[in-house]
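Here's a quick briefing on one protein model. Take a look at the structure first, then we'll go through a helix contact, an aromatic pair and the confidence scores.

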Amino acid sequence: MTDNRRGRPRVRGIDDAVRSAVNDLLGEVGYQRCTVDAIAARAGVGKAALYRRWKSKAELVFAAAIHGDALASPADTGTLRGDVGEVLAAIQSSLDGPQVRSALPGLLADVQADPGLAARFGEVFLARERAYLVEMLDRAVARGELARQPDLVAVHAMLLGSVFAWLHLLQEPAPSDGLAGLLAKPVHAGLRALADEQE
């Protein structure tokens, strides 16, 4: 994972210490009591250093527990169906686990209650997730598997929504071989249908 943003370079040791502190605190005290002060103390860094990197507690927790603002390129398996399976597996990995389960209700409530925070999340996290998906879709178009790129918001909702709903709304355990094995075929078919509808 690389961070290509301009400005002050990230210090890997600080990021790792903060990620560890956030995940430890989520497990111990939950999202509401996982304060920026507590994170700074646990990570052994100043609060100002945290606010230079993340603009809010919600952003900091999302980056530490789910994913940061820099994502590696999606795996290239040579087929759209294979790529969809890899992306579903990556989404499951980022959304599964006790720390994420602890964080999400309060984190999403904070984002929904604050339009400025919601806009920031859109700029930092959702935009990067969609750029990640565009890489996968562009490859499929170049291979001739899709005639055109389907609606990106719909693609994002299909991939993210199916995993999120399974893990956090239905609260079902993932199959032993992962959600990708169960969902890749129907999601792949859905993406192709979306592209065909835009003709």
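Is the crossing of α4 and α6 left-handed or right-handed? The crossing is left-handed, meaning that the near helix is turned anticlockwise from the far one by less than a right angle. Keep in mind that this is a predicted model, where local features need pLDDT of at least 70, side-chain atom pairs count only at pLDDT 80 or more, and totals for chains, interfaces and linings use all residues. Numbering runs from 1 along each chain as its sequence is written, and side-chain values use heavy atoms, with hydrogens and water left out.

**Helix packing**
- Helix α4 (residues 57–65) packs against helix α6 (residues 98–113) at an angle of about 150 degrees, and their axes are 11 Å apart.
- That makes α4 roughly antiparallel to α6 (angles over 145 degrees count as such).
- On the α4 side, A58, V61, F62 and A65 make the contact (heavy atoms within 4.5 Å), while α6 brings in V100, A103 and L107.
- Sorted by class, that contact of α4 with α6 has 7 nonpolar, no polar and no charged residues.

**Aromatic pairs**
- There are 3 aromatic pairs in the structure (ring centres within 6.5 Å).
- F62 and F121 form an edge-to-face pair, at 5.3 Å centre to centre and 85 degrees between the planes (over 60 degrees counts as edge-to-face).
- F62 sits in helix α4 and F121 in helix α7 (residues 115–143), so the pair ties together parts that are 59 residues apart in sequence.

**Confidence**
- The protein chain averages a pLDDT (the predictor's confidence in each residue, from 0 to 100) of 91, and 93% of the residues score at least 70.
- Over residues 1–10 the pLDDT is below 50, and this stretch has 12 contacts in the model beyond near neighbours in sequence.

Terms used. Axes fitted to C-alpha atoms, helices over the stretch in contact; angles between N-to-C directions. Helix = DSSP H or I, 4+ residues; strand = E, 2+ residues; numbered from the N terminus. Parallel < 35°, antiparallel > 145°, perpendicular 65-115°, else oblique. Nonpolar A, V, L, I, M, F, W, Y, C, P; charged D, E, K, R; others polar. Phe/Tyr/Trp six-rings, centres within 6.5 Å; stacked < 30°, edge-to-face > 60°.
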